[in-house]
Amino acid sequence: MMARMTSRTVHIGQMCKKNLRVLLDMDQVLADFELGFFQEYRKKYPEYPYIEMKDRVGFFVKDQYEKMFSSVPNIGNAVANIYNAKKFFLNLPEIEGAVDAAKKLAKMEGVDVFICTSPIEKYKYCLPEKYEWVHKHLGPEWVARIILTKDKTMVNGHLLIDDRVDIIGAIERPSWEHVVFSANHNMKADIGKRRRLDNWTNGDWKELIEDFKMRI
Ligand SMILES: [Mg+2]
């Protein structure tokens with residue numbers, strides 16, 4: 001009887017454990033999609049017009065290229081060829097300081113970290129390469145933290161750090177609060193009352209996490 005009581009107590013204790021669940025987006029939060037794209041595009045299509053990284057506006061790079069260079073035949077295909085190619089996602093560089101910060105975040109008391117990422121439409125290389133990237137840069141134990149979904153509103157968490165401004169889905173009011181990770185493409189976007197995290201290098205992320213920890 002006593003043993004049973006004890007195990008029940010532990011079980012309830014675990015259920016009551018309230019850790020801060022942090023969801024980290026992958027592209028442009030951990031992995032530098034924009035830099036990887038720019039470098040590959042310039043290398044593969046040196047004769048094509050291009051948009052400087054600082055002038056990127058809007059989430060989808062293809063949309064902006066098609067709009068700006070509508071007179072160039074097949075420019076959209078040229079853009080898509082870059083990120084649909086084998087090893088594109090695998091070879092993406094890290095966002096400065098992201099890997100170090102993510103590892104520190106995961107070691108913080110009372111914090112659970114997950115990577116919440118949406119694969120591109122042509123998933124053949126993107127899917128396994130996202131796993132490989134995480135394994136290579138963060139370590140094998142991080143692979144179990146990956147949540148792949150096209151609909152991030154369906155994922156439970158306290159905060160989602162993501163560069164995409166318009167995250168919509170089946171749930172109108174997601175459980176998480178969206179913190180906008182700054183990127184060239186979202187600097188002019190209206191983000192309403194949402195907070196920004198500008199980078200992983202100036203230490204602001206620690207204050208952000210401590211603030212959220214106090215509020216759950
Ligand atoms: Mg992203």
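Where does D27 lie? D27 sits in the loop between β1 and α2, with helices (H or I, at least four residues) and strands (E, at least two) taken as DSSP runs numbered from the N terminus.

Before going on, a word on what we have here: this is a predicted model, where local features need pLDDT of at least 70, side-chain atom pairs count only at pLDDT 80 or more, and totals for chains, interfaces and linings use all residues. Residues are numbered from 1 along each chain as its sequence is written.

Now, the pair to look at. UniProt, in an unreviewed entry, lists D25 and D27 under "active site"; its positions are in the numbering used here, feature names are shortened, and annotations may be inferred rather than shown by experiment.

D25 is also in the loop between β1 (20-24) and α2 (33-44). D25 counts as buried because it has 22 C-beta neighbours inside 10 Å. The cut-offs are 20 or more other C-beta atoms within 10 Å for buried, 12 or fewer for exposed, and partly exposed in between, with C-beta atoms placed from the backbone. D27 is buried too, with 26 other C-beta atoms within 10 Å.

As for contacts (C-beta atoms, placed from the backbone, within 7 Å), leaving aside neighbours within four places in sequence, D25 meets residues including C116, T117 and D162. On that basis, D27 touches F33 and T117.

And the strands? β1 runs parallel to β2 (residues 111-117), joined by 5 bridges; pairing takes at least two DSSP bridges. Within that pair, R21 stands opposite D112. On to β3, where I147 is the bridge partner of C116. Thanks, everyone!

Note on methods. Two residues are in contact if their C-beta atoms, placed from the backbone, lie within 7 Å.
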